[in-house]
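User: I would like to learn how to read strands, a nonpolar core, aromatic pairs and a metal site from a model. Could you take me through them in turn?

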Amino acid sequence: MKVAFLDRDGTIIQDYEDELWKDITEPVFINGSIEGLKKIKQKGYEIIIITNQYLIDEKIISIQRYKDFTNKFLKRIEDNGIEILDIFYCPHSRHRNCNCMKPKEGLIKMTLEKYSEIDLKDCFIVGDSLCDVELGEKLGIKTFGIGLGKREGKTIIIDSLKDVIRYI
Ligand SMILES: [Mg+2]
Ligand SMILES: [Zn+2]
């Protein structure tokens, strides 16, 4: 199974400064991201979202708030006829030094444990933060950085999610 590992905030939906997330209850999809998801699926990839949600442990949003928001997020995607295989998130604070906060590999390891049919070498990762591209580079998989400017190494810099279609 080949998988697109996608960051959520700043990649599929609008991201905000940490404190502002307190008041955000509706996901705002970035222009073209739904189209991008659709095309990634059409190319035969399953979609797994991997997201750092340290705001939970840092008490800016509650776990319930995260879950309600996630349900709305998934509903909007499903309404567009797109199936997301799974979402893995790290709820831990930045001070906790857990093993799942990107760029650590914990979230990816969880996906491999749950879905043993994943063939990592056929997968790719997309994100808008250094932690995303560092993770992808560490894993040695095809890595896309959204709006990250010039970068050493193999990471492909793109403007938005739908641009990955030109490379996969
Ligand atoms: Mg992001
Ligand atoms: Zn964690």
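Analyst: What follows goes from a strand to its core, its rings and the metal site.
This is a predicted model, in which local features need pLDDT of at least 70 and side-chain atom pairs count only at pLDDT 80 or more, while totals for chains, interfaces and linings use all residues. Residues are numbered from 1 along each chain as its sequence is written, chains are lettered from A and ligands numbered from 1 in the order in which they are written, and side-chain values use heavy atoms, with hydrogens and water left out.

User: What does β4 pair with?

Analyst: Strands pair if DSSP finds at least two bridges between them. β1 and β4 are parallel over 3 bridges, with Phe-124 as the bridge partner of Ala-4, and 4 bridges join β4 to the parallel strand β5, residues 142–146.

User: Which residues touch the most other members of the largest nonpolar core?

Analyst: In soluble globular proteins, nonpolar side chains tend to be buried together. A nonpolar core is a set of buried Ala, Val, Leu, Ile, Met, Phe, Trp, Tyr and Cys residues joined through side-chain atoms within 4.5 Å; in the largest one, of 52 residues, they are Leu-6, Ile-40 and Phe-124. At 1% relative accessibility, Phe-124 counts as buried.

User: How are the rings of Tyr-16 and Trp-21 arranged?

Analyst: A pair of aromatic rings is described by the distance of the centres and the angle of the planes. Rings of Phe, Tyr and Trp (its six-membered ring) pair if their centres lie within 6.5 Å, with planes under 30 degrees apart stacked, over 60 edge-to-face and the rest tilted, and the count comes to 7 aromatic pairs. The centres of Tyr-16 and Trp-21 are 5.2 Å apart and their planes at 85 degrees, so this pair is edge-to-face. Tyr-45 and Phe-124 are also edge-to-face, at 4.9 Å and 80 degrees.

User: Which residues coordinate the magnesium ion (ligand 1)?

Analyst: Donors are N, O and S atoms within 2.8 Å of the metal (3.2 Å for Na, K and Ca), and sites may look incomplete, since water is not among the atoms. Asp-7 (OD), Asp-9 (O) and Asp-128 (OD) coordinate the magnesium ion at 2.1 Å.

Notes:
Buried means under 20% relative accessible area, exposed over 50%, partly exposed in between (1.4 Å probe, protein chains only). Helices (H or I, at least four residues) and strands (E, at least two) are DSSP runs, numbered from the N terminus.
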